[in-house]
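Me: I would like to learn how to read a few features in a model. Can we go one feature at a time?

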Amino acid sequence: MAFKARLHEYFHTEYQPGEKTLVRKIDFFILTFCCLSYFTNYLDRSNLNNAYVSGMKEELGFVGNQLNQINSAFTAGYVVGQIPANLSLHFVRPRIFFPSCMIVWAGLTMVTASVHNPQSIAAIRFFQGIAEATTFVGTHYILGSWYTERELGKRSGIFTASGLAGTLIGGYIQSGIQTTLHQKHGLSGWRWLFIIDGLITIPVAIYGFIFFPDTPARTKAFYLTESEKALAVSRVPPVEDKTPWSWRFFRRTATSKFFWGFMLLWIIAGETESFGTNALLSLYMKSHPAYKYDVVQLNNYPTGVPAAGIVSTLFWATLTDFLNGKRYLVGYFIGITGIVTSALILSASHYEDPAVATPIVFGAYYWAGAVYACQATFFAWANDALRYEEHMFRAIVLAGMNLGSNVINAWWSIVFYGASMAPWFTRGMWAMIGVSIALFFWTGGLSYLTSRHQKMRKEELNIESHQVRDKEDLA
């Protein structure tokens with residue numbers, strides 16, 4: 001009966017008068033832009049791996065680990081832009097900042113179609129990384145500004161799943177281009193991919209300029225009434241929003257256990273996504289010791305990895321909302337997944353007949369796609385834990401998570417998942433087992449810390465609200 005009552009409560013949330021209409025509006029205008037933005041973001045990112053297995057490697061003369069070096073150049077730009085981009089949201093309206101960044105990265109994506117060597121791609125991807133730096137953490141900051149704890153997990157999951165959809169669909173787009181546009185006007189299919197992906201991004205940016213509502217305290221959205229704007233502000237805890245340009249702010253951030261705790265959580269968890277982010281299944285197929293896959297197969301078969309990620313992300317985001325925000329449970333699931341899938345691939349590498357091992361490897365990589373669930377749930381976890389803190393402090397913690405992860409990932413992929421290590425990536429499998437074990441312990445410690453802090457801050461805010469009411473009564 002308790003479970004049935006909990007289920008009824010979850011699906012029949014009670015709202016204040018007018019609140020349901022407000023949530024529907026922000027769901028439509030915020031989620032449509034954020035999801036389409038992240039979809040095109042991942043479409044632009046994943047097209048490099050799709051192009052690599054679709055003729056770019058041979059046409060531009062890639063050697064050794066140059067693909068990984070280009071990805072590291074993108075990561076370097078991404079790292080450089082993280083904190084400045086999120087601090088910019090304090091001074092520049094998100095409605096202007098987000099779409100402007102999209103226009104920049106769309107242009108850089110299309111310029112990539114004109115390159116003649118890997119070095120040119122590396123330079124372009126560095127600046128593309130800077131332009132894309134705010135998309136992921138900036139959106140999580142916006143979601144945490146508009147949605148309550150009971151609403152946040154699902155929305156974070158939908159947002160993250162949209163990026164995975166970009167990776168998934170990108171493979172099919174390349175397959176379609178290869179069969180219809182290859183050598184059209186003298187351009188290879190992979191060059192058309194960059195042009196088309198860039199063009200898809202521009203209408204989304206224009207939509208954002210017009211409809212994105214900024215944050216509750218600063219919104220001028222024409223589709224929200226004055227009462228709805230006031231209601232949006234009242235739905236989140238009242239926090240004094242001080243300027244981030246102060247010694248007090250930076251000292252507090254640098255000494256905060258939450259800044260370092262969540263940064264290290266995402267450093268560890270981010271590396272559990274290495275199988276997908278480094279396109280290991282594509283590289284395994286490209287270097288398969290027994291089979292020769294064609295371009296369509298090389299683009300289509302790996303789409304099962306982001307497909308598993310979408311299902312896992314939506315499942316865990318919804319489940320952790322249902323369980324009152326127990327986001328840490330995902331850490332244990334991912335730890336198990338990382339250990340088991342790595343062990344399966346390690347064992348398959350010792351098969352005498354590599355053809356027999358192929359179904360095991362494919363199954364392991366598809367299962368490993370489920371670890372993408374940590375993106376939505378861990379950033380929602382940080383938003384939940386810091387809901388009662390200054391808005392810019394929360395923004396910097398979110399940016400710090402992504403910054404720390406990408407600083408490590410800039411060299412991690414070269415050391416453990418270089419393209420020259422295909423098809424088995426033995427060193428990377430052992431690294432995956434190591435970070436999966438570390439994730440178990442760090443998740444447990446951080447969940448204890450955040451649960452104590454949230455309880456304490458709620459009690460403090462309750463005391464403050466009672467004091468305010470007592471003063472009003474005396475007056």
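Me: Is arginine 155 buried or exposed?

Reply: First, the ground rules. This is a predicted model: local features need pLDDT of at least 70, side-chain atom pairs count only at pLDDT 80 or more, and totals for chains, interfaces and linings use all residues. Residues are numbered from 1 along each chain as its sequence is written, and side-chain values use heavy atoms, with hydrogens and water left out. Buried means under 20% relative accessible area, exposed over 50%, and partly exposed in between (1.4 Å probe, protein chains only). Arginine 155 has a relative accessible area of 10%, so it is buried.

Me: Which residue forms a salt bridge with arginine 155?

Reply: A salt bridge is a side-chain nitrogen of Lys or Arg within 4 Å of a carboxyl oxygen of Asp or Glu. Arginine 155 pairs in this way with aspartate 27, and their closest N and O atoms are 2.8 Å apart. Arginine 155 sits in helix 7 and aspartate 27 in helix 2, so the pair ties together parts that are 128 residues apart in sequence. Helices here are DSSP runs (H or I, at least four residues), numbered from the N terminus.

Me: How many salt bridges does the rule give?

Reply: The count comes to 15. Take lysine 154, which forms a salt bridge with aspartate 321, the closest N and O atoms being 3.5 Å apart. Lysine 154 lies in helix 7 and aspartate 321 in helix 15 (residues 304-322), so this pair ties together parts 167 residues apart in sequence. Lysine 154 is partly exposed at 24% relative accessibility. Aspartate 321 is buried at 5%.

Me: Which arginine forms a salt bridge with aspartate 321?

Reply: Arginine 327 does, with the closest N and O atoms 2.8 Å apart. Arginine 327 is buried, its relative accessible area being 1%. Shared partners join Lys154, Asp321, Arg327, Asp384 and Arg387 into one network of salt bridges.

Me: At what angle do helix 2 and helix 9 pack?

Reply: Axes are lines fitted to C-alpha atoms, for helices over the stretch in contact, and angles run from 0 to 180 degrees between N-to-C directions. Helix 2 (residues 19-60) and helix 9 (residues 226-234) pack at about 85°, with axes 10 Å apart. Angles under 35 degrees count as roughly parallel, over 145 as roughly antiparallel, 65 to 115 as roughly perpendicular and the rest as oblique. Helix 2 and helix 9 are therefore roughly perpendicular. Glu19, Thr21, Leu22 and Lys25 of helix 2 make the contact with Glu228, Leu231 and Ala232 of helix 9. Contact means heavy atoms within 4.5 Å.

Me: How many disulfides does a search of the whole structure find?

Reply: A disulfide is a covalent bond between the sulfur atoms of two cysteines. The cut-off is a pair of cysteine sulfur atoms within 2.5 Å. The search finds 0. For cysteine 35, the nearest cysteine sulfur is that of cysteine 34, 6.9 Å away. Cysteine 35 is buried, at 13% relative accessible area.

Me: Which peptide bond is cis, and where is its proline?

Reply: Most residues other than glycine have a negative phi, and most peptide bonds are trans. A cis bond joins alanine 422 and proline 423, with omega about 10°. Proline 423 is in the loop between helix 19 (391-417) and helix 20 (426-474).

Me: What is the phi of glutamine 183?

Reply: Phi is near 70°, a positive value in a residue other than glycine. Glutamine 183 lies in the loop between helix 7 (149-180) and helix 8 (189-211). Glutamine 183 is partly exposed, at 45% relative accessibility.

How values were computed:
Helix = DSSP H or I, 4+ residues; strand = E, 2+ residues; numbered from the N terminus.
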